[in-house]
Every structure is written in C-alpha cells, then in structure tokens.
Amino acid sequence: MPNKQRHNRPQKARLDAHCVRACALGVKHPMKMSHEEYVEKKRARVHELASGMLDGSIHYLEGVVELASLRFEVEVSEDDQDFLAFTAVASEIDHLPIGAPRQYWSKEALERDEPEIQESIKWAKEFSLAQCKSLSERFSA
C-alpha cells in the first residue's frame with residue numbers, strides 16, 4: 001500500500017498545480033460546481049441548442065438527440081411535453097448516421113441514407129418545431 005501512495009504523489013501534485021492555475025484564471029474546479037450551477041449550465045445548453053436548431057447553426061437532428069439526452073439534467077417534470085417530443089423523434093432516428101458516429105460509416109452508406117436523413121429532418125421539424133421554440137424561450141437567460 002505505501003508504494004501506491006508514493007506512486008500517486010507526483011500525479012496528485014500535477015493535478016493540484018493544474019487546479020491552482022485554473023483557479024488563478026477564475027476557472028471553478030469542476031468538482032466544486034454546485035447542483036444548482038450544474039442545472040443552470042445544462043439549461044443554458046438547452047437554450048443554445050434550441051436557438052441553434054431554429055436558426056440553422058446546429059444540425060436539427062443532432063440537436064434533437066442532445067435535447068433528448070438533457071431531459072433529466074434540467075429538472076423538468078418527467079412528462080414535460082417539450083422534451084417528450086424530442087425523445088420521440090430521437091427514438092425514430094437512432095438508426096441514422098448522425099453526429100460524431102458518421103465518421104465510422106462508409107461513404108456509400110452515408111450516400112444511401114442521406115435521403116432518409118433529409119426526410120427525417122423535414123418530419124422532425126414538422127413534429128417538434130413548436131417545442132423547439134418553446135424550449136428556446138423557456139430556457140433563455
């Protein structure tokens with residue numbers, strides 16, 4: 001056991017030095033974030049996503065997937081209708097190459113699925129645009 005303690009000291013010292021530098025720059029240590037700060041950060045992300053989806057700066061389906069994943073992070077009721085719309089859309093498009101996983105798909109598969117992706121974007125907007133607007137407004141600062 002003493003060997004492990006000795007072995008971890010340099011790593012801990014580097015970590016402590018990193019924290020000191022971060023604090024000097026005004027960066028709060030991630031482990032020091034309060035629950036309220038965490039929820040507020042996630043709510044700001046909801047606003048950023050929804051606004052970006054509305055103005056086209058965020059791919060609509062990528063935004064859908066992330067909004068669905070944030071549902072339980074922002075402390076809304078489990079049956080929140082705005083978030084449920086995105087959960088429903090996300091479950092319908094989970095087989096499509098969207099976001100980071102696209103890099104692992106072949107060019108042929110991406111080309112084959114592109115018409116379905118475009119149809120899904122159109123359908124998703126028809127199904128959830130009002131909820132997207134609502135989330136943008138509800139979670140604006």
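Me: How many of the residues of the protein count as buried?
Reply: Buried means under 20% relative accessible area, exposed means over 50%, and partly exposed lies in between, with a 1.4 Å probe and protein chains only. Here, 29% of the 141 residues count as buried. This is a predicted model, where local features need pLDDT of at least 70, side-chain atom pairs count only at pLDDT 80 or more, and totals for chains, interfaces and linings use all residues. Residues are numbered from 1 along each chain as its sequence is written, and side-chain values use heavy atoms, leaving out hydrogens and water.

Me: How many helices and strands are there?
Reply: Both are DSSP runs numbered from the N terminus: helices are H or I with at least four residues, strands E with at least two. This protein has 5 helices and 0 strands.

Me: How many aromatic pairs does a search of the whole structure find?
Reply: Rings of Phe, Tyr and Trp (its six-membered ring) pair if their centres lie within 6.5 Å; planes under 30 degrees apart are stacked, over 60 edge-to-face, and the rest tilted. The search finds 2 such pairs. In one, the ring centres of Phe-83 and Phe-139 are 6.1 Å apart with planes at 75 degrees, so the pair is edge-to-face. Phe-83 sits in helix α4 (residues 81-93) and Phe-139 in the segment after α5 (107-138), so the pair ties together parts 56 residues apart in sequence. Both Phe-83 and Phe-139 are buried.

Me: And what is the arrangement of Trp-123 and Phe-127?
Reply: Their pair is stacked, 5.4 Å centre to centre with 25 degrees between the planes. Trp-123 and Phe-127 both belong to helix α5, 4 residues or about one turn apart. Trp-123 is partly exposed at 33% relative accessible area, and Phe-127 is partly exposed at 39%.
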